[in-house]
Amino acid sequence: MRGRHVVEVSSTYKRGATKDHINAYDKQEGSVRHTGYPSWRRPFPHVVVATLASFLFGYHLGVVNETLESISLDLAFSGSTLAEGLVVSTCLGGAFLGSLFSGWIADGVGRRRALQLCALPMIIGASMSATTKNLWGMLLGRLFVGTGMGLGPAVAALYVSEVSPAYVRGTFGSFTQISSCLGLLGSLFMGLQAKGIVGWWRACFWVSVIPAALLALLMEFSAESPHWLFKSGRTAEAEAEFEKLLGGADVKYAYAELSKSDKGEDSGAVKLSELLHGRHHRVVFIGSTLFALQQLSGINAVFYFSSSVFKSFGVPSDRANICIGVANFLGSIVAMILMDKLGRRVLLLGSFSGMVVSMGLQVFGASSFPSSTEAFYLSAGGMLLFVLTFSLGAGPVPSLLLSEIFPSRIRAKAMAFCMSVHWVINFFVGLLFLPLLEQIGAQILYTVFGAFCLISVIFVKRNVVETKGKSLQEIEMALLPVE
């Protein structure tokens with residue numbers, strides 16, 4: 001019976017997504033659906049602790065936004081655009097390295113220990129940045145912080161998806177995006193005093209040590225992922241962690257569901273060639289393409305350079321950055337509410353469609369047709385709408401969706417590969433945005449970004465499946481390709 005089912009759903013790898021191919025799993029002979037809902041309150045504190053990694057990601061992403069000018073003056077590299085760019089991009093380079101090895105670390109030591117490990121370079125790096133007397137100390141500190149930034153969010157997405165009940169997995173998965181937004185807003189508010197108080201930028205780095213230390217400490221008391229324990233052959237411990245996360249009444253069902261996946265495979269045998277050309281290459285392609293399109297939409301160009309757009313219209317950069325941060329936060333809250341109601345695919349389609357419209361407003365605002373006042377409202381309004389619609393789906397959904405559709409055996413390493421693609425594209429968008437803006441102008445560049453958003457709509461419609469309400473085992477069985 002299973003063989004027939006595998007043949008049926010594996011055809012989706014050839015023809016793209018269909019509305020009910022995952023639901024085919026439920027039609028298997030002898031398949032029993034669990035009608036009860038385990039309490040969300042048990043896994044909730046564990047999820048909150050894990051999202052501290054995402055908070056730190058957002059904080060360190062924005063900590064140099066308002067403080068960079070003060071840092072350059074104190075460390076004697078003011079006026080050097082190369083040095084200023086290195087302070088930002090070194091962190092991105094570290095994040096690429098961290099994300100590249102995150103899967104091997106998460107599979108090697110477990111999700112809980114990996115999250116504790118990500119806190120260590122963040123503590124060391126933030127302390128180095130806060131105490132440095134020269135540019136090289138700052139760059140080394142940012143490199144350390146970056147490795148933690150790359151490791152933390154990828155593992156947090158894995159951990160949250162694996163400890164959350166299916167019916168709230170989307171909501172809990174959205175917490176990582178909300179936490180990143182709070183971290184970004186926190187860094188912007190901390191940076192407001194940087195220009196008024198000498199040496200305040202050092203305090204901005206010191207503050208980040210507190211959540212990093214809390215992450216390392218509190219994860220010691222948090223549950224380990226039962227999925228990782230089961231995959232590692234530690235079945236008794238996996239059952240005990242289910243007890244901690246779900247309560248006694250739901251342990252047997254959860255353990256039975258987990259037992260449906262293959263237990264005997266060695267996760268350490270997963271190689272890069274298998275991800276690129278093996279039996280799971282289709283889902284890896286979908287995942288990496290989603291992250292690439294997310295970055296090619298131009299979102300980080302907006303985050304990094306929104307200040308200059310607002311400043312050209314006479315709006316102070318600090319006010320502009322806070323507006324961007326608030327729009328991102330509000331959209332993430334709405335996404336959290338809708339994630340398990342509308343589903344991942346609907347939010348992605350609506351999000352990328354809204355981003356197409358938002359870029360259209362900015363393209364028109366950059367043209368010669370509107371007056372200066374109209375151009376401001378079109379450009380600024382389009383930018384805020386772009387961030388808002390991004391945070392509704394294109395921001396929070398990819399990491400959650402990928403942690404759901406990747407089979408247990410390759411989940412951590414496939415996430416690591418896709419996150420590495422994310423950081424590479426992120427780096428080049430940040431590197432090339434300003435030169436391209438000078439060479440081809442805002443109108444053409446925003447048109448290119450809008451085109452990528454439109455391509456994203458088409459890609460999601462053809463390739464992305466709906467996963468809301470399904471257990472990770474149901475999704476894995478439904479998408480299992482033919483050997």
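This is a predicted model: local features need pLDDT of at least 70, side-chain atom pairs count only at pLDDT 80 or more; totals for chains, interfaces and linings use all residues.
**Cavity, patch and salt bridge: a short talk**

Residues are numbered from 1 along each chain as its sequence is written, and side-chain values use heavy atoms, with hydrogens and water left out.

Leu 120 belongs to a nonpolar surface patch of about 640 Å², together with Leu 97, Leu 100, Phe 101, Ile 124, Leu 140, Leu 143 and Phe 144. For such a patch, residues must have over 30% relative accessible area and no salt bridge, and nonpolar side chains (Val, Leu, Ile, Met, Phe, Trp, Tyr) are joined within 5 Å; the areas come from the Shrake-Rupley method with a 1.4 Å probe, and only the protein chains shown count as cover. At least two residues of the patch come from each of α6 (81-109), α7 (111-131) and α8.

Which side chains meet in a salt bridge at 3.0 Å, N to O? They are those of Arg 111 and Glu 162, a salt bridge being a side-chain nitrogen of Lys or Arg within 4 Å of a carboxyl oxygen of Asp or Glu. Because Arg 111 lies in helix α7 and Glu 162 in helix α8, the pair ties together parts that are 51 residues apart in sequence. In the whole structure, the search finds 11 salt bridges.

Now to the inside, where a cavity is a set of points on a 1 Å grid over the protein atoms alone at which a 1.4 Å probe fits but cannot get out, with lining residues having an atom within 4 Å of a point. The largest cavity is lined by 29 residues, and Phe 57, Gln 177, Ser 180, Gly 395 and His 422 lie nearest its centre. Helix α9 gives the most to this lining, with five residues.

Notes
On a 1 Å grid over the protein atoms alone, a cavity is a set of points where a 1.4 Å probe fits but cannot get out, and a pocket is an open set with protein on both sides within 12 Å along at least five of seven lines; lining residues have an atom within 4 Å of a point. Helices (H or I, at least four residues) and strands (E, at least two) are DSSP runs, numbered from the N terminus. Patches are made of residues with over 30% relative accessible area and no salt bridge: like charges are joined within 9 Å, nonpolar side chains (Val, Leu, Ile, Met, Phe, Trp, Tyr) within 5 Å.
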